[in-house]
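Open the model in your viewer and follow along, one selection at a time.

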Amino acid sequence: MTTLQDLRPSNKPTTMSLLIDLGFDTSDWGNYSRGPRWAAANPKYCYEWGYEIPGEMAVLNLWVQNTDIRGDIVSQSNNFRADAAFWQANSRAADWGKRAERLDRIVSRAARQQLPVRVIFLDGEMRASRDPNASASKPKRRGLDPEVWRIASYDFATGQHTVVRGDAKGEYLDQFDLPPNSGPPEKYENTVYAFKRDRAVRMRALELADGACRKCGAPGFKMPNGRRYLETHHIIPLSEGGPDDITNVIAICPNDHKEAHFGANSLQMRDELLNIINNDRMD
Ligand SMILES: [Zn+2]
């Protein structure tokens, strides 16, 4: 499992050199009164909090200590638009407001276009957020995270969003792969649930469903990242000794999932769902 320590950068390359590694054209950085030798310190660019190659990639500077790690899911939830509004209301920090606003636009475009996101992690003294008297942050180390990230959710009304580390794995996802803070409250029950579920089994059940509920046939809804959402369900509960394998796991819509657990017909539904799965194996 990934730990915060694994994510911490260990030295301090310039942002410009990291962008060059990512294929950015930084030739304009050298148009600087101190001369091209000082390109990496060009204040027009080097203090920005995000960068983009339009239509291709977004790069975000994120503080490593803001990272949320839950099981397999490494993510950050931020709201740069709200940060921008806060800083812009404070004249001393108007520059921070503009940077936050530009960063929000980069994130919203990346969400709309489903662009891959790369993260430059910063480590060191982070400015106390929302403290108008705080001095500027002082990153001591910086580094490009080797993984590609993606915007898992972005609220276009407010700017609240979650970025998740790692490529979307396949086309489908279930309740266990929802990013934190964007899912239904069940997410929290599930993360403290005592039984460990095999991810490969859940993914296989999702593949078999091919994006549509195995019980009623309704298509799972689409997430902002384009993946189709269904829930995976253990027909015989793990707590009753049901196996955590493909003979007992089925992907169904959230409505049928709730009914399977709480409906008056839940025992009949068990038989019905087991029949569906048994037919898979006879095909
Ligand atoms: Zn259904």
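Start by selecting the zinc ion: its protein donors are Cys 213 (SG), Cys 216 (SG), Cys 253 (SG) and Asp 256 (OD), at 1.8 to 2.3 Å from it. Donors here are N, O and S atoms within 2.8 Å of the metal (3.2 Å for Na, K and Ca), and water is not among the atoms, so sites may look incomplete. This is a predicted model, where local features need pLDDT of at least 70 and side-chain atom pairs pLDDT 80 or more, while totals for chains, interfaces and linings use all residues. Residues are numbered from 1 along each chain as its sequence is written, and side-chain values use heavy atoms, leaving out hydrogens and water.

Look at the angles next: they run from 105 to 118° among the four donor atoms, making the zinc site tetrahedral (for four donors, all angles between 85 and 135 degrees). Along the sequence, the donor residues follow the spacing C-x2-C-x36-C-x2-D. Cys 213 sits in the loop between helix H7 (199–209) and strand E10 (221–222), and Cys 253 in the loop between strand E13 (249–252) and helix H8 (254–262), so the pair ties together parts 40 residues apart in sequence. Helices (H or I, at least four residues) and strands (E, at least two) are DSSP runs, numbered from the N terminus. Both Cys 213 and Cys 253 are buried (under 20% relative accessible area; exposed is over 50% and partly exposed in between, with a 1.4 Å probe and protein chains only).

Now select H8, where Asp 256, His 257 and Ala 260 are buried. Turn to the face directed away from that buried side to find the exposed Asn 255 and Phe 262.

Methods
Four donors count as tetrahedral if all angles lie between 85 and 135 degrees; four count as square planar and six as octahedral if opposite donors are over 155 degrees apart and all others between 65 and 115; anything else is irregular.
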